[in-house]
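The sequence and structure are shown first.

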Amino acid sequence: LGAHHDRLLGFVSGSPVLASLLFMMAYAAAVAVSVPGAAVLTMIGGYLFGWFHGTALVLIGASIGASAVFLVARSALGEHVRERAAPAMQRFAEGFRRNALSYGFALNVVPIFPYALIIVVPAACGVPLHTFLAGMFLGLVPGTFLFAGLGDGLEEVLARGVPLQPTSFVTPEIVLSLGGLAVLALVPVIWRGLARRWRGSDKTI
């Protein structure tokens with residue numbers, strides 16, 4: 001990125017629509033084939049297009065790629081497959097469908113699960129496409145926004161044209177994004193605590 005900084009940003013500023021379309025297509029393809037390291041692509045989006053524009057392009061590209069794979073997986077894993085599954089798997093699928101929005105949010109909010117798992121499990125459980133996309137979108141927004149912020153901060157660092165040092169990365173965008181990612185890492189812990197509390201309150205009713 002440092003070696004081609006001016007050329008890359010020159011292409012984006014000279015052909016913003018084409019650059020945006022190419023990036024969305026690349027991100028959609030990466031999601032469709034479950035390429036590891038989507039967070040790096042998100043940072044590149046923030047670096048090339050800025051914090052907010054990069055976030056929007058990533059979310060659109062991810063939604064397109066995930067929708068295509070979801071529809072293919074749901075067609076391949078049709079209702080007859082679910083009906084012939086073991087009773088335990090049927091109960092799991094039924095529970096997943098009842099709480100599909102919450103599970104979709106939880107699977108996407110921290111970028112540790114591969115896209116193949118995030119997409120195929122809801123499809124196999126018979127979750128509707130709109131519910132799958134809603135959960136995915138809500139879960140992706142926080143992490144996407146923060147990783148795009150890191151990329152935006154990196155663009156500012158490279159634009160200075162000075163040798164990189166550890167102190168070069170102490171910018172408001174990078175510090176804020178890293179702080180946000182630290183908080184985001186605590187979400188699963190908070191989620192599990194709330195889930196236990198809800199289950200406990202249900203038992204006392």
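## Aromatic pairing and helix packing

Phe 52 is exposed, with a relative accessible area of 61% (buried is under 20%, exposed over 50% and partly exposed in between, with a 1.4 Å probe and protein chains only). The model is predicted: local features need pLDDT of at least 70, side-chain atom pairs count only at pLDDT 80 or more, and totals for chains, interfaces and linings use all residues. Residues are numbered from 1 along each chain as its sequence is written, and side-chain values use heavy atoms, with hydrogens and water left out.

**Overall architecture and confidence**

The protein chain contains 11 helices and 0 strands (DSSP runs numbered from the N terminus: H or I of at least four residues for helices, E of at least two for strands). Of its 205 residues, 38% count as buried. Contacts (heavy atoms within 4.5 Å) between residues at least 6 apart in sequence join residues at least 24 apart in 77% of cases.

The mean pLDDT of the chain (the predictor's confidence in each residue, from 0 to 100) is 77, and 65% of the residues reach 70 or more. Among the elements, helix α2 (residues 16–32) has the highest mean pLDDT, 94, whereas helix α5 (residues 79–83) has the lowest, 58.

**Aromatic pairs**

How many aromatic pairs does the count come to? Rings of Phe, Tyr and Trp (its six-membered ring) pair if their centres lie within 6.5 Å; planes under 30 degrees apart count as stacked, over 60 as edge-to-face and the rest as tilted. By this rule the count comes to 6 aromatic pairs. One of them joins Phe 52 and Phe 145, whose rings are tilted at 55° between the planes and 5.5 Å from centre to centre. Phe 52 belongs to helix α4 (residues 51–76) and Phe 145 to helix α9 (residues 129–159), so the pair ties together parts that are 93 residues apart in sequence. Phe 145 counts as partly exposed, at 29% relative accessibility, whereas Phe 52 is exposed. Elsewhere, ring pairs link Phe 23, Tyr 27 and Phe 49 into a cluster.

**The contact of α2 with α3**

Helix α2 and helix α3 (residues 38–49) pack at an angle of about 175°, with their axes 11 Å apart. From α2, the residues Ala 19, Ser 20, Phe 23, Tyr 27 and Ala 30 meet Ala 38, Leu 41, Thr 42, Gly 45 and Phe 49 of α3. By class, this contact has 7 nonpolar, 3 polar and no charged residues (Ala, Val, Leu, Ile, Met, Phe, Trp, Tyr, Cys and Pro are nonpolar, Asp, Glu, Lys and Arg charged, and the others, Gly among them, polar).

Ala 30 is placed in helix α2 and is buried, with a relative accessible area of 13%. Not counting residues up to four places away in sequence, Ala 30 touches Val 35 and Leu 41. Thr 42, in helix α3, counts as buried at 3% relative accessibility. Leaving aside its neighbours within four places in sequence, Thr 42 is in contact with Tyr 27, Val 58, Thr 144, Phe 147 and Ala 148.

The loop between α2 and α3 holds Ser 34. Phi of Ser 34 is near 55°, a positive value in a residue other than glycine. Most residues other than glycine have a negative phi.

Val 109 is located in helix α7 (residues 100–109) and is buried, with a relative accessible area of 3%. Met 136 lies in helix α9 and is likewise buried, with a relative accessible area of 1%. Apart from neighbours within four places in sequence, Met 136 is in contact with Ala 62, Ala 66, Gly 104, Asn 108 and Tyr 115.

The table gives separations for selected residue pairs.

| Residue pair | Separation in sequence | C-alpha to C-alpha distance |
|---|---|---|
| Met 136 and Val 109 | 27 residues | 8.2 Å |
| Val 109 and Phe 137 | 28 residues | 9.2 Å |
| Ala 30 and Gly 61 | 31 residues | 9.1 Å |

Definitions and conventions:
Axes fitted to C-alpha atoms, helices over the stretch in contact; angles between N-to-C directions.
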